[in-house]
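User: I'm new to this structure and would like a close look at one part of it. Could you pick a spot, walk me through it, and then show me what surrounds it?

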Amino acid sequence: MNAGLAVVAKDLRLAWRDRAGWASAGAFATIAVLTYSFAFDLATGDIRPLLPGVLWTTFLFASIFAGGQSFARESEEGTFDALLLAPVPATVIYLGKATANVIAMLVIEFAQLLLATILFDTNLLSPELLVIVFIGTVGAVALTTLLSTMSASMRGRAMLLPVMALPLLIPLLIGAVRATGASLDLESGTAPWTLLLGVFALWSALLSVLLFPMAVER
Amino acid sequence: MAPSGVTSPIVETHGLTKRYGGLDVVRAVSLALPAGSRTALVGANGAGKTTLLAMLCTLIAPTEGDATIAGHALRARPAALRRAIGVLAHQPMLYEEMTPLENLRFFARLYGVTDAEPRIEELLRAVGVWTRRHEPVSVLSRGYHQRLALARALVHRPAVLLADEPETGLDPEGVEMLDELALRAPGLTVIAATHRVDRIGAWATGLVRLEHGRAVEDTASVAGART
């Protein structure tokens, strides 16, 4: 437990010190939201039905981008080996890194929700939507953290990571978009999208926890 | 130079083999190194030294065979084995954006070191980095990286030090410090891969020579304990 918290604290410290990776993800998300707001303003009168898709495609790409950066640095500096040499199960290392990534992503996402609330003149900071964003982020980051570990030492990892991650994230994307739509009163019907999103997030987190020790085995 | 057979081995390998495709990088290496011994692992480039060390420190899984370090089997209790070893690798394995103090605090916490602060101060003073403990590692020279890597490897007081070319990047003063803290430290068992054959006599109590992955010469193992 203490080792896992040490990894979380270390990753957050590094994210703050070397802001290039997370700042790039944040800048990407900001530019995407701004671009969508200008484009939709010209194309359509009611932009609310498009908001869930805008938010979640932005969040998923930012998560893939930032997750890849986090492991690439560990791999280049050889520090990932140092983590694996610690007398703790690999799962603890994974949980520490994934938790730090979730926290950093939530900061970026909250900023984007704030920006989108202003630009699209719609309240995107309701407690219900924040819960959906949290669940979706946990599911997405769980997978991207695992996949970025696997791709960290590969050539062309910048391209490989999204190619591997996006197909696996489609169920989460559908669940998150639909649940977000429901929270904005855009969905008809009573499908429990938040519950389905939660199930997928839990499944992806458990799967990643189980697969991580195999992913780092050489 | 060969140690006597009376000391029980702290590092034992039994037919340790690593195969990539059809190529045996390390072939059936069996060693029995006594506690407190200092073994120089020598051989040409590609002889299998680094792979053997990587297997011993659990970073690479052996294809065949097993090893025991300080009573912990490589395959059965890897986490317990990792607590018993310190690793000094090619790369210093340090976080460049963090200071020496922060790096050592992180690794001490990872290893559950209870008296972390005095231990860290002791090590940073010993490796000559104490006065630069608040500077980011990225601004320190290669030699300081290696000194700090040594402190990282020793922070949890390992019983066995596995080192790969430990003299790399060190000036004469740094090499002296390496000898004092690690290669000739009393009680510490050392296995170090090295090309500095001129220095082996200064610290090693035995030697294992690898050729094409096979141990062709072994003056380090406990007599009669090898299989």
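Analyst: Let's start with P192(A), which is partly exposed because 13 other C-beta atoms sit within 10 Å, and a residue needs 20 or more to count as buried, or 12 or fewer to count as exposed. Keep in mind that this is a predicted model. P192(A) sits in a loop of chain A, with α7 (157–183) on one side and α8 (193–215) on the other. To place P192(A) against another residue, take V138(A): the two are 54 residues apart in sequence, and their C-alpha atoms are 18 Å apart in space.

Now for how chain A meets its partner. The contact is made by 21 residues from chain A and 22 residues from chain B. On the chain A side, α1 (2–17) and α4 (79–84) each supply at least two of the residues that touch chain B. Of the elements there, α1(A) gives the most, with seven residues. If you sort the side of chain A that touches chain B by class, you get ten nonpolar, three polar and eight charged residues.

Buried residues make up 48% of the 227 residues in chain B. As for who touches whom, take the contacts in chain B with a separation of 6 or more: 71% of them join residues 24 or more positions apart.

Two residues of chain B are worth a stop for their backbone angles. Most residues other than glycine have a negative phi. T58(B) is not a glycine, yet its phi is positive, at about 75°. You'll find T58(B) in the loop between α1 (49–56) and β4 (64–69) of chain B. T58(B) counts as buried because it has 23 C-beta neighbours inside 10 Å.

The other stop is M93(B), again a residue other than glycine with a positive phi, this time near 55°. M93(B) lies in the loop that runs between β6 (85–88) and α3 (100–110) of chain B. With 24 other C-beta atoms within 10 Å, M93(B) is buried too. So, back where we began, P192(A) is a loop residue that is partly exposed, with its 13 other C-beta atoms within 10 Å, while T58(B) and M93(B) are both buried.

Terms used
Residues are numbered from 1 along each chain as its sequence is written. Chains are lettered from A and ligands numbered from 1 in the order in which they are written. This is a predicted model: local features need pLDDT of at least 70, side-chain atom pairs count only at pLDDT 80 or more; totals for chains, interfaces and linings use all residues. Helices (H or I, at least four residues) and strands (E, at least two) are DSSP runs, numbered from the N terminus. Two residues are in contact if their C-beta atoms, placed from the backbone, lie within 7 Å. Ala, Val, Leu, Ile, Met, Phe, Trp, Tyr, Cys and Pro count as nonpolar, Asp, Glu, Lys and Arg as charged, and the others, Gly among them, as polar.
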